[in-house]
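Biologist: Could we go through this model together? I would like to begin with the helices and then move on to other parts.

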Amino acid sequence: MGEKVKLAMLLGGGAILGSVSTLALLKLLSRRGQKYIKEDFSLQGDGLTRDMTKKDHSLNGDHQRVDVDMLKDEIVSEQLTRNIQFFGLDSQQQVIKSYVVVIGLGGVGSHAASMLLRSGVGKLLLVDFDQVSLSSLNRHAVATRADVGTPKAHCLKKHFSSIFPESNIEAKVLLYDASTEEEILSGNPDFVLDCIDNIDTKVALLAACVRRGLKVLSATGAGARADPTRIRIADLRESTNDPLSRAVRHRLRKDHGIEGGIPVVFSLEKPKVKLLPFRGPNGEEENPSDYQIVPGFRVRIIPVLGTIPAIFGQIMASFVVTQLARFQVQTEPVVNLDMDHYKILHQRLIEHEESLYGTATHVQVDVEEVMYVVKELWHGRSARERIAKDVGRAMWRSINELMLVRWDRAQPASVANLILLKFKEADEHEQRTLDDIQKEEPEFFTRVTSVLKRASVDFGL
């Protein structure tokens, strides 16, 4: 009984302390609340107007960064305390002073923007030409029934002002194209998030970001999928089973000479359902292009499980925030090999060691460690290939010409001393010393040693 009383007292004391701190913060918030502006939105005439009778502290057309001392504010620092604990104060300061542009504010973009805001990004530009619809509420981050019919950009800005009012939020009801490029992409943003689902607009935006030297992360098709475990981040060259990214990849290469170098969020899952047929007012199937409000934009319905675009958006926000905080994260490579392939490579390594050294006793890896080396370190490709060429079935075929060999012949075949090469490359490698490689190919030498150093750290060697 005594122990129970002590436990109850401890819990009660903790609850009281928590209540006191919460009340103190709420009291401070109430005193500060008068500084913040609540914008009144109403539909008048042909669009949405805003009551500007009060000064709006958050709009700042000259794209100046926010106050980098924002974290000295006890409300802000308390709100972002978990981020500060995760990244450290200096890294969270980098997030605070960052400027991010989010284009496309539907199921993917709204969730991405929402988590960027909640993570403390100091300035956000929200861009979308469209309005909130009732059918989009199954996947939108913040929209309610009361927001139906209002521009998505203004909807997010309105809700965001009550979540993190210190952030500088700018909303533009615009369609991205050549005429609006300067207005949307000027100001040297730290990151651009492409959450557009139209091919023409997406290609134009990505090409503009590459041309301007802006960091960009692109979302591919989130509709018609159901498996959250198959969502990945990789270079556009590596995305598979996605018609949208396939079309974008083709257009970027054909029209702009862009081969890759753009990170994308995509799903390895093949679409589970098809586009629904478009039916006109009379209920009969008709040509959807006859009903397009904006040329080039789809009007056919893509069935969407709301959780998947939301996860896409959350992944995008996580990727961008860690980049802004300069927090190192190794994304999982896209390697379409099964366990039999890793067994083949392991056996091939053993046979090569026996042929070259007369014994395989210095092979210090098992099949699971071979999988780590092949997948995590070399992404299923030769160490000499910088560009993803073999994906999907082509990668399966490529296994017929790849093998693991020692990087340093004086060291055993361990996870930190194995590189993946094509047969001919392996033969050439065996004829050279590391000194030769360092002298003749310093970039390759540095890259390989950096990768193998990561293996040493991962395995505590």
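Biologist: What covers the buried residues of α4?
Modeller: In this predicted model, the cover over the buried residues of α4 includes α3 (81–87) and α10.

Biologist: And which residues of α4 are buried?
Modeller: Helix α4 spans residues 89–96, and its buried residues are Ser-91, Gln-92, Gln-94, Val-95 and Ile-96.

Biologist: Let us turn to α12. Which of its residues are buried?
Modeller: In α12, residues 367–377, these are Val-370, Tyr-372, Val-373, Val-374, Lys-375 and Leu-377.

Biologist: What caps the N-terminal end of α12?
Modeller: Asp-366 does, with a side-chain oxygen 3.2 Å from the backbone nitrogen of Glu-368. Just after α12, His-379 adopts a positive phi of about 55°.

Biologist: Where else is phi positive in a residue other than glycine?
Modeller: Asn-188 has a phi near 55°; this residue belongs to the loop between α7 (181–185) and β6 (191–194). Arg-326 is another non-glycine residue with a positive phi, about 60°, and is located in the loop between α10 and α11. Most residues other than glycine have a negative phi.

Biologist: Is Arg-326 buried or exposed?
Modeller: Arg-326 is exposed, because its relative accessible area of 61% is over the 50% cut-off. Asn-188 is likewise exposed, at 55%.

Biologist: A change of topic: why is β3 described as largely enclosed by the rest of the structure?
Modeller: Because five of the five residues of β3, residues 99–103, are buried.

Biologist: Which way do its side chains point?
Modeller: Tyr-99, Val-101 and Ile-103 point one way, whereas Val-100 and Val-102 point the other way, and all are buried. In a regular strand, side chains alternate between the two faces of the sheet.

Biologist: How many bridges join β3 to β4?
Modeller: Five bridges join β3 to β4 (residues 123–127), and the two strands run parallel. Within β4, Lys-123 is the bridge partner of Tyr-99.

Key: Residues are numbered from 1 along each chain as its sequence is written. This is a predicted model: local features need pLDDT of at least 70, side-chain atom pairs count only at pLDDT 80 or more; totals for chains, interfaces and linings use all residues. Side-chain values use heavy atoms; hydrogens and water are left out. Buried means under 20% relative accessible area, exposed over 50%, partly exposed in between (1.4 Å probe, protein chains only). Helices (H or I, at least four residues) and strands (E, at least two) are DSSP runs, numbered from the N terminus. Contact means heavy atoms within 4.5 Å. A polar contact is a pair of N or O atoms within 3.5 Å; within protein, one must be able to donate a hydrogen and the other to accept it, and residues adjacent in sequence count only if both atoms are side-chain atoms. Two strands pair if DSSP finds at least two bridges between them.
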